[in-house]
Amino acid sequence: MRAALRVIAGRGAARAGIQLSMLALLPVWGADDFGRYVAAAGTFAWVQTLVLGVEKSALTAVPRARLLGSQITWMLIARAATPFGLGLLATLALLPVGGLVTLYAAAAANAAGLGLMSVLAAIHRLAQRPGRDTAAFVTYAAWVVGMAGLAALGVLRPLGYLLALTGGLIVVCAVLAALVPRERPQETRAGLGGLLNRRVLLLGFSDVADTAGVSVLYIVLAVAAKPSETALVYVLILISSALGAFGVLVLRLIQPATSLRLRGTGGTGGRALARRITGWTAVVSGTVVAAVVGLASVAPVTENRVLLGFVVLVEMTTFCAVVYAVFLLENTNGAVLSLTTSAALASLITTSAVALVATGPLGAIGAFLALVVGLATKAAVLRFRLAGTQSTVELSAVTRV
């Protein structure tokens, strides 16, 4: 418990330092530069969650595979490091070009580096070294605050700031990787790489779809709205994501134990609870969406900040409920991964469609309404498919890496 509290405190302090330092750059850079910066960062936020599929795979697979633990660990680290390496190469190649294209490449590399740092920190937690998780994130947060100070003094503009942050990630990740034990695997298993690839992609897709939905909002805002509108949505998403990030961190800390508890026939109760959560979530969030759309059809709501706050609160609550339901399913067996993947795809499509239609006329309210509709869609698809495929899932409750 103490170790978990230290990790939560360290991650919380790091997140607060990073986000507050970024918000402090708004008056320094101005709405135009800040809007372009957050548009680039938001567009490639899905890269970080793609890499975090490796973290979820490690937290579920390594505790279940004692003999193959070392081999799986290094195979997963290699998969997490690949996007970061590609992002760095792309950024270096585009540096002479400059402009937005280089800014976006740097944002992609930075997002991949953040994902790799989380994966390496998770590996150390599994090795009973949670202090390294805390030290890594606090160190990086201090680096971010320092770079934000240079930006506030006018030394760094958006591209230089992103490059500096990425340089800090290179150092932190290199130290964490050097500290991972290099044990000789006790045995090997044919086809393990393909199995891990499948798990990484399927486990990561749900989170990627959620983040890609937010990226769609940034793209729509960048095209159809003023940079100041993008900045407003960014600030609100920071507030919204604070609770979500805390919940996700807690789930990651308990994931190894949960994975063992829901293994095999133990997953029946987890799937039943997920079915109830998704059913109620779909009904409640769908009702709220219908009410907001009805209100918007009879009265102007674009500048209604009270309604905006309410929609943001609904989005936060719905997100936490859906993430917990998906967490329960992902820790049962591999048979349910096709369910969570199809639900995530449906959510992404719905979020994108509603964002294109609603963000223009409703502004920030429309943007967050699109997120709520996407989450409600995911909940509804999961509830429907769990009810329709329950017997198949139960029969497929086989132990897998």
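**Close-up views of a helical protein chain**

Both Trp 29 and Tyr 161 are buried. The views below are taken from a predicted model.

**View 1. An edge-to-face ring pair joins Trp 29 and Tyr 161.** The ring centres of Trp 29 and Tyr 161 lie 5.6 Å apart, with the planes at 80°, so this pair counts as edge-to-face. The two residues belong to distant parts of the chain: Trp 29 sits in helix 2 (residues 26-43) and Tyr 161 in helix 7 (residues 158-178), 132 residues apart. Together with Tyr 37, Trp 29 and Tyr 161 make up one aromatic cluster. Leaving aside residues up to four places away in sequence, Tyr 161 touches Ser 21, Met 22, Leu 25, Trp 29, Tyr 37, Val 144, Met 147, Ala 148, Ala 151 and Leu 156.

View 2. A search of the whole structure gives six aromatic pairs. Phe 327, in contrast, is buried, with a relative accessible area of 4%.

**View 3. The largest nonpolar core has 84 residues.** Those with the most contacts inside this core are Tyr 37, Met 117, Tyr 140, Tyr 161, Val 311 and Phe 368. Helix 5 (residues 99-126) gives the most to the core, with twelve residues. Another core, of 19 residues, lies apart from it and includes Ile 277, Val 323, Val 326 and Ala 343. In soluble globular proteins, nonpolar side chains tend to be buried together.

**View 4. Ala 343 is a buried residue of helix 12.** Helix 12 spans residues 337-362. Ala 343 has a relative accessibility of 0% and so counts as buried. Not counting residues up to four places away in sequence, Ala 343 touches Lys 378, Val 381 and Leu 382. From Ala 343 to Arg 385 the distance is 8.8 Å, C-alpha to C-alpha, while the two are 42 residues apart in sequence.

**View 5. Lys 378 is buried in helix 13.** Helix 13 covers residues 364-388. The relative accessible area of Lys 378 is 1%, under the 20% limit, so Lys 378 is buried. With residues up to four places away in sequence left out, Lys 378 touches Ser 206, Asp 210, Val 322, Val 326, Ala 343, Ala 344 and Ser 347. Two of these, Val 326 and Ala 343, are among the residues of the 19-residue core.

**View 6. The whole chain contains 14 helices and zero strands.** From the N terminus on, the elements run α-α-α-α-α-α-α-α-α-α-α-α-α-α. Of the 401 residues in the protein chain, 53% are buried. Among contacts with a separation of 6 or more, 85% are between residues 24 or more positions apart. The accessible surface comes to about 16700 Å², and carbon and sulfur atoms account for 70% of this area.

Technical notes. Residues are numbered from 1 along each chain as its sequence is written. Side-chain values use heavy atoms; hydrogens and water are left out. Helices (H or I, at least four residues) and strands (E, at least two) are DSSP runs, numbered from the N terminus. Buried means under 20% relative accessible area, exposed over 50%, partly exposed in between (1.4 Å probe, protein chains only). Contact means heavy atoms within 4.5 Å. Accessible areas come from the Shrake-Rupley method with a 1.4 Å probe; for residues, only the protein chains shown count as cover. A nonpolar core is a set of buried Ala, Val, Leu, Ile, Met, Phe, Trp, Tyr and Cys residues joined through side-chain atoms within 4.5 Å. Rings of Phe, Tyr and Trp (its six-membered ring) pair if their centres lie within 6.5 Å; planes under 30 degrees apart count as stacked, over 60 as edge-to-face and the rest as tilted.
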